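I opened my notebook next to the viewer. These entries keep what I looked up, in the order I looked.

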Amino acid sequence: MTSGIRAIGIAAAVVAAAGTAFAAPKPDLWPRWEAHDPASTVRVDHRPWEELLAKYLVTNHPSGVNRVRYAQVTAEDKAALDRYVASLEAAPVSSLARPEQMAYWINFYNALTVKVILDHYPVKSIRDIKSGWFNPGPWDLKLVTVEGEQLTLNDMEHRILRPIFRDNRIHYAVNCASIGCPNLQPEAFIAENTERLLELGAREHVNHPRGARVEGGRLIASSIYNWFQVDFGGSEAGVLEHLRVYAEGPLAEALRGFRGRISYEYDWSLNE
């Protein structure tokens, strides 16, 4: 009996650990998606996504975190989101110009994440939607098919966006439907506004307490800078340098002479 109880306790501890741990994938280029046409003038229509955001994204929440009214999304608008995702699946992404591709993949990731939440709603956290028994979160589920290839959210972020575009501000653009995540922007990304939105996302997140704050001489930063440190200089010194680029006001002053270690935290609660 004692050994049985001990075994149950060990199993429970393993499940609990699996629920709190997060293994961040490294950038792993999928060469098949490097194809592009620099001369292309084709534009993907992202207006349906922007219309959905205009209806259901709250950008003036007192917390400073943009939130989604998942419970209020109508059946008609869910169907419109499904059609938009289907239109992205059918888009000739490999023949687009690079800036158009970047906007395409960011919007695709964000729209697909909202669709996954709506398909499983109500949930308290995106991590409640599992890809496997010890794999919290939907990131490894094959959710869509583009140009004959089945894709997961992890494919989009870690095998396409990060290794192809090599811009750490991508972490401020893709949204994982969590309070701890950088804001979901109220505009759809397009080639013409991507640079502005990447800069806006970086500045918003760094200067919000969930991005970085100094308390009692300690720097507490988003776990994004720990999980994806390789994209931020590969060290805490690189993370600090990045934060200083975007920090404003008292945070900028506190970081100017900061020499300590960084503590990391993240809130996986649904951005509802």
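**Entry 1: one residue.** I started with A237. A237 is exposed, because its relative accessible area is 53% (buried means under 20%, exposed over 50%, partly exposed in between, with a 1.4 Å probe and protein chains only). A237 lies in helix α8, residues 236-246. I then looked up its distance to R259, which is 22 residues away along the chain. The two C-alpha atoms are 9.0 Å apart.

**Entry 2: ground rules.** I noted that this model is predicted, that local features need pLDDT of at least 70 and side-chain atom pairs pLDDT 80 or more, while totals for chains, interfaces and linings use all residues. Residues are numbered from 1 along each chain as its sequence is written, and side-chain values use heavy atoms, without hydrogens and water.

**Entry 3: the whole protein.** I looked up nine helices and seven strands (DSSP runs numbered from the N terminus: helices are H or I with at least four residues, strands are E with at least two). The C-alpha trace spans about 60 × 55 × 40 Å along its principal axes. Of the 272 residues, 49% are buried.

I also looked at contacts (heavy atoms within 4.5 Å). Among those between residues at least 6 apart in sequence, 70% join residues at least 24 apart.

**Entry 4: aromatic rings.** How many aromatic pairs are there? I noted the rule before the count. Rings of Phe, Tyr and Trp (its six-membered ring) pair if their centres lie within 6.5 Å; planes under 30 degrees apart are stacked, over 60 edge-to-face, and the rest tilted. The count is 14 aromatic pairs.

One of them is Y104 with F108, at 5.5 Å centre to centre and 75° between the planes, an edge-to-face pair. Both residues sit in helix α4 (residues 98-120), four residues apart, about one turn of the helix. Y104 and F108 are both buried.

Next I took W227 and F228. Their ring centres are 6.5 Å apart and their planes are at 85°, so this pair is edge-to-face. W227 and F228 are buried.

Last, I looked up a cluster. W30, W33, Y104, W105 and F108 form one aromatic cluster.
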